[in-house]
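Please read the following account with the structure in view.

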Amino acid sequence: MDGRVAVVTGGGTGIGRAVAATLVARGDRFAILGRRPEVLEATAGELGCAWRQADVTVREQVQAAVDWVVAELGPGIDVLVNNAGGIGALDDDAPLEEAERVWDEVVDANLKSAFLMAWATLPHLRRPGGRIVNVSSIAAYSGRGGAYTAAKAGLTALTKEMAVDLARHRIE
């Protein structure tokens, strides 16, 4: 395979890094995005891919990162893997202000980031054949876990909605 063009958010560690390693094995050209440049640089050096620091919860950084990917890897993105996220920690006796801050961070990291990346990438996704992969969690169905569970359940709903809306473009 000549190599699809792919983007992996949260690609420096964990599941995102494993996805990136799989892309290397397939011969794909790809970029990893994340918040920690030192981790991204190390992973990119090991895997031989492009990287860019971006907080994918921030619209301006998302747009800049997608523009950079297109400039760096060429027009036409085949695969977007929305893997960025996080659980967050909150004590039961935290004040409302702290609870709201953690809620917003977790929902933004797990749900808003996927929406922003999908929306920014959409004009560049190949038609037919572009793919958006949203990494969710069994927590979406558990009813336990607060903001993380709510965000992952929202991500599942967003994924279903995008599948219906983008089917007409033959984007999966």
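Arg26 is partly exposed, with a relative accessibility of 41%; here, buried means under 20% relative accessible area, exposed over 50%, and partly exposed in between, computed with a 1.4 Å probe on protein chains only. The model is predicted, so local features need pLDDT of at least 70 and side-chain atom pairs count only at pLDDT 80 or more, while totals for chains, interfaces and linings use all residues. Residues are numbered from 1 along each chain as its sequence is written, and side-chain values use heavy atoms, with hydrogens and water left out.

The side chain of Arg26 forms a salt bridge with that of Asp28, at 3.7 Å from N to O. A salt bridge is a side-chain nitrogen of Lys or Arg within 4 Å of a carboxyl oxygen of Asp or Glu. Asp28 has a relative accessibility of 7% and therefore counts as buried. Together with Arg4, the residues Arg26 and Asp28 are linked in a network of salt bridges.

Helices (H or I, at least four residues) are DSSP runs, numbered from the N terminus. Helix α4 spans residues 96-121, and within it Glu98 and Arg101 stand 3 residues apart, about one helical turn. Their side chains meet in a salt bridge of 2.5 Å, N to O. Arg101 also forms a salt bridge with Glu105, where the closest N and O atoms are 2.5 Å apart. Arg101 and Glu105 are 4 residues apart in helix α4, about one turn of the helix.

Glu98 is partly exposed at 29% relative accessibility, Arg101 is partly exposed at 39%, and Glu105 is partly exposed at 45%. By the stated rule, the count comes to 8 salt bridges.

Conventions. Helix = DSSP H or I, 4+ residues; strand = E, 2+ residues; numbered from the N terminus.
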